[in-house]
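Please examine the protein shown below before reading the briefing that follows. The points are grouped by topic.

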Amino acid sequence: MPTPMNAQGRDWADLKQEMIDRGGDDAKWRDGKTAVYVFNAGEDVAQVQKEAYTLYMSEEQARPPPSQPEADGRRSGRHGPVAAARP
């Protein structure tokens, strides 16, 4: 049964610590302790991922993806061309 939401909310510091604690037993993928399909591209790329995600994490998803190919022939995804970003 799901845990009911607290009507008063929670302090972010406490919630953040609980999230960190719950992830304590997660696979150590950054240390190469997982299958070959998980790759740690480095902290610089991780920072780009985090910033890019937070830019649009709460944007409306109602519009359809573009159907025209990009100038280089790649198809666009919902949020633009599918490609790795470098800072």
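**Salt bridges and their surroundings**

The count of salt bridges comes to two, a salt bridge being a side-chain nitrogen of Lys or Arg within 4 Å of a carboxyl oxygen of Asp or Glu. The model is predicted, with local features needing pLDDT of at least 70 and side-chain atom pairs counting only at pLDDT 80 or more, while totals for chains, interfaces and linings use all residues. Residues are numbered from 1 along each chain as its sequence is written, and side-chain values use heavy atoms, leaving out hydrogens and water.

**Overall architecture**

- The protein chain contains two helices and two strands; helices (H or I, at least four residues) and strands (E, at least two) are DSSP runs, numbered from the N terminus.
- Read from the N terminus, the elements follow the order α-α-β-β.
- Of the 87 residues in the protein chain, 6% are buried. Buried means under 20% relative accessible area, exposed means over 50%, and partly exposed lies in between (1.4 Å probe, protein chains only).

**The charged network**

- Side chains of opposite charge can pair when their charged atoms come close.
- Arg 10 and Glu 18 are joined through their side chains by a salt bridge of 2.7 Å, N to O.
- Arg 10 has a relative accessible area of 46% and is therefore partly exposed; Glu 18, at 25%, is also partly exposed.
- A salt bridge also links Glu 18 to Arg 22, with the closest N and O atoms 2.9 Å apart.
- Because Glu 18 and Arg 22 are four residues apart in helix 1, about one helical turn separates them.
- Arg 22 has a relative accessible area of 65%, so this residue is exposed.
- Through shared partners, the salt bridges join Arg 10, Glu 18 and Arg 22 into one network.

**The second largest pocket**

- The second largest pocket holds about 180 Å³ of space. On a 1 Å grid over the protein atoms alone, a pocket is an open set of points where a 1.4 Å probe fits, with protein on both sides within 12 Å along at least five of seven lines; lining residues have an atom within 4 Å of a point.
- The volume is the space filled by probe spheres set on the points, which are joined across faces, edges and corners.
- The lining of this pocket consists of Thr 3, Pro 4, Met 5, Asn 6, Arg 10, Glu 18 and Arg 22.

**The nonpolar surface patch**

- Trp 29, Tyr 37 and Val 38 make a nonpolar surface patch of about 360 Å². Such a patch joins nonpolar side chains (Val, Leu, Ile, Met, Phe, Trp, Tyr) within 5 Å, from residues with over 30% relative accessible area and no salt bridge; areas come from the Shrake-Rupley method with a 1.4 Å probe.
- Trp 29 lies in the loop between helix 1 (12-22) and helix 2 (43-56).
- Trp 29 counts as partly exposed because its relative accessibility is 32%.
- Trp 29 and Phe 39, ten residues apart in sequence, are 7.7 Å apart in space, C-alpha to C-alpha.

Notes
Patches are made of residues with over 30% relative accessible area and no salt bridge: like charges are joined within 9 Å, nonpolar side chains (Val, Leu, Ile, Met, Phe, Trp, Tyr) within 5 Å.
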